[in-house]
Amino acid sequence: MLAGRRVLFVMAAPAEFGPALQARVRPLITGVGPIEAALNTGIALQRLAVAGQAPDLVVSMGSAGSRTLEQGAIYQVSSVSWRDMDASALGFARGVTPFLDHPAEMALPVLLPDMPAVRLSTGGNVVSGAGYDGIDADMVDMETFAILRACQTFGVPLAGFRGVSDGAKELAHYDDWASLLHVIDEGLALVVDRLASAASGFASSA
């Protein structure tokens, strides 16, 4: 609960959930990637709805990659797209799921106006080096679009906050991703503190 509002925080991996966040929230840990994120967010939202405890807001948090943004800095998500979806051979716009009425890039609410808001691309791969060349977004992750689709199904708004863990150099091993997670943990904890004071402005519908 934040200021009397039900908020469900969602993260992908325990490695992103450090001591600063542990002192503040108990997030849903979905697992890594779009399938795990959609599946486990949907299950959680269904269970909460049945229990009469549907959240007023879902917040996707964790790490992200970017080769242009400041490493270790926290950004909120202004929009999210799905880079894996490409049915253009059938005449559908790239990023649009066939037979679903959604744009390739979907806006998310910007809850903290004085925090930089950037465009996010979700996909099933870890992006590194030249992999950024074909991506039209400021940063990349593996879960937020999937979480959004689950939220839309249940009529719950989604906001996103991500810390840039990597991207300035090509990834070579696990530590290239993990070395800044403690910085991101502290930054996201401050976001949670700020959201508590902004909770009264949360939208009540998607």
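Biologist: Why are strand E4 and strand E6 called paired?

Modeller: Two strands pair if DSSP finds at least two bridges between them. E4 (residues 74-82) and E6 (residues 117-122) are joined by six bridges in the parallel sense, so they meet that definition. Within this pair, Ser79 stands opposite Arg119. Strands here are DSSP runs (E, at least two residues), as helices are (H or I, at least four), numbered from the N terminus.

Biologist: What makes E6 and strand E7 a pair?

Modeller: Three bridges join E6 to E7 (residues 139-141), and the two run parallel. Thr122 stands opposite Asp141 in E7.

Biologist: How do you know how far these values can be taken?

Modeller: This is a predicted model, in which local features need pLDDT of at least 70 and side-chain atom pairs count only at pLDDT 80 or more, while totals for chains, interfaces and linings use all residues. Residues are numbered from 1 along each chain as its sequence is written, and side-chain values use heavy atoms, with hydrogens and water left out.

Biologist: What makes a set of residues a nonpolar core?

Modeller: Its members are buried Ala, Val, Leu, Ile, Met, Phe, Trp, Tyr and Cys residues joined through side-chain atoms within 4.5 Å; buried means under 20% relative accessible area (1.4 Å probe, protein chains only). The largest such core has 27 residues, and Val58, Tyr75 and Ile147 are among those with the most contacts inside it. Helix H3 (144-154) is one of the elements giving two or more residues to this core, and H3 gives the most, with six residues.

Biologist: Which residues does Val58 touch?

Modeller: Contact means heavy atoms within 4.5 Å. Leaving aside residues up to four places away in sequence, Val58 touches residues including Leu8, Leu45, Ile147 and Cys151.

Terms used: Buried < 20%, exposed > 50% of the residue type's maximum accessible area, 1.4 Å probe, protein only.
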